[in-house]
Amino acid sequence: MSASTIDCSPFREELAELASALPGVPRADLDVFFQESVRLAERLPSELRDRVDEFNDNGNVDGYLLLRGLPVEPDEDLPATPTASPPPQDRPLLSMEAMLCLIGSQLGLLTAYDQGYGNRRSITVLHELYPTPEAHHLSGGTSTIQLEFHTDLSHHAHQPNYILLSCSRGDHEGKAATLVGSIRKALPLLSPEVRSHLFDRVFTRQFDAADPGATANVKPLYGDPDDPFVSFNRSFLTAETEEDVAALDALSAALTAVTEPVLLTRGDLLVIDNFRIAHGRAPFSARWDGRDRWLHRAYVRTKRNGQFEGGERPGAIIPFIPRR
Ligand SMILES: O=C(O)CCC(=O)C(=O)O
Ligand SMILES: [Fe+2]
């Protein structure tokens, strides 16, 4: 097991007990639910909390933390995989939703984003990911095609630090790996010329096809030149020169070369450092039988990089602010 993976089976009972102390119907009052998540996160098993804190403080080379063996309902007790969002208001709390919010609360502030796509994405902390037949090719609802490398919400001034994905059901064939490309691994593969070209180079990102004026400024590499943050999305970044195209191609190739597939199965929770890795997802076949792949997703802000002004409460909606 890699150092980025934590076997949580020894904590399973303790974690199931914490989950049962959370409100049983989260959507009945989400504010109370998130407040309770914060309070109960203090009672996470100390060994697990220390590992999560260590990742939060220092990160790691892989750019992710994978918690395995978390408590999850037997498959026959889970509802059918959704085919539409949002879930019913009265849906009882699922174990993997509880894990998402407990670990998320330990890392920072669970946040509902207005993503700037008009009303095409629901503004909520608790996202559901499941295959949909008509999914846009850049959305998490895709299945038959690969979801290409990207940074979530790179066009938002308060881009979340972490993406949490917890898994109630894996895909039938075990193909739908989440693909993670760590900049700490990819950087040594880039030539000094490409690095200096991409560092602090401002690209315009169009984020709304219906409104060409809706743009944000995104830098593929920024921060510490020797240990930069990455922001990547090949189909959104508008390259202006031949050098831009070549440099973005080189970054894409380096990320691909270091990519690690992380196949999520029930009871797994993946914490993605959204500043250090670009991620995607391998193609897979949905069966539309009520037992398709089903993930829960939440975004977490931390005090780094101005994501947080102070005084915000967990679960609060942050308006859309394009990155400049
Ligand atoms: O399905 C996955 O594993 C990742 C999905 C994703 O990256 C997204 O929805 O933004
Ligand atoms: Fe994503």
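User: What spacing do the donors of the iron ion (ligand 2) follow along the chain?

Analyst: In this predicted model, the donors of the iron ion (ligand 2) are spaced H-x1-D-x126-H.

User: What makes His 150, Asp 152 and His 279 donors of the iron ion?

Analyst: A donor is an N, O or S atom within 2.8 Å of the metal. NE2 of His 150, OD of Asp 152 and NE2 of His 279 coordinate the iron ion at 2.1 to 2.2 Å, so these atoms count as donors.

User: Why is His 150 called buried?

Analyst: Buried means under 20% relative accessible area. His 150 has 12%, so the term applies. Asp 152 is also buried, because its relative accessibility is 6%.

User: How do you know that Thr 81 makes a polar contact with Arg 169?

Analyst: The cut-off for a pair of N or O atoms is 3.5 Å. The side chains of Thr 81 and Arg 169 make their contact at 3.0 Å. Thr 81 is found in the loop between β2 (64–68) and α4 (95–107), and with a relative accessible area of 8% it is therefore buried.

User: Which strands each supply at least two residues of the shell around ligand 1?

Analyst: They are β5 (147–150), β15 (277–281) and β16 (294–301). By class, the shell has three nonpolar, four polar and four charged residues.

Key: Residues are numbered from 1 along each chain as its sequence is written. Chains are lettered from A and ligands numbered from 1 in the order in which they are written. This is a predicted model: local features need pLDDT of at least 70, side-chain atom pairs count only at pLDDT 80 or more; totals for chains, interfaces and linings use all residues. Side-chain values use heavy atoms; hydrogens and water are left out. Donors are N, O and S atoms within 2.8 Å of the metal (3.2 Å for Na, K and Ca); water is not among the atoms, so sites may look incomplete. Buried means under 20% relative accessible area, exposed over 50%, partly exposed in between (1.4 Å probe, protein chains only). Helices (H or I, at least four residues) and strands (E, at least two) are DSSP runs, numbered from the N terminus. A polar contact is a pair of N or O atoms within 3.5 Å; within protein, one must be able to donate a hydrogen and the other to accept it, and residues adjacent in sequence count only if both atoms are side-chain atoms. Ala, Val, Leu, Ile, Met, Phe, Trp, Tyr, Cys and Pro count as nonpolar, Asp, Glu, Lys and Arg as charged, and the others, Gly among them, as polar.
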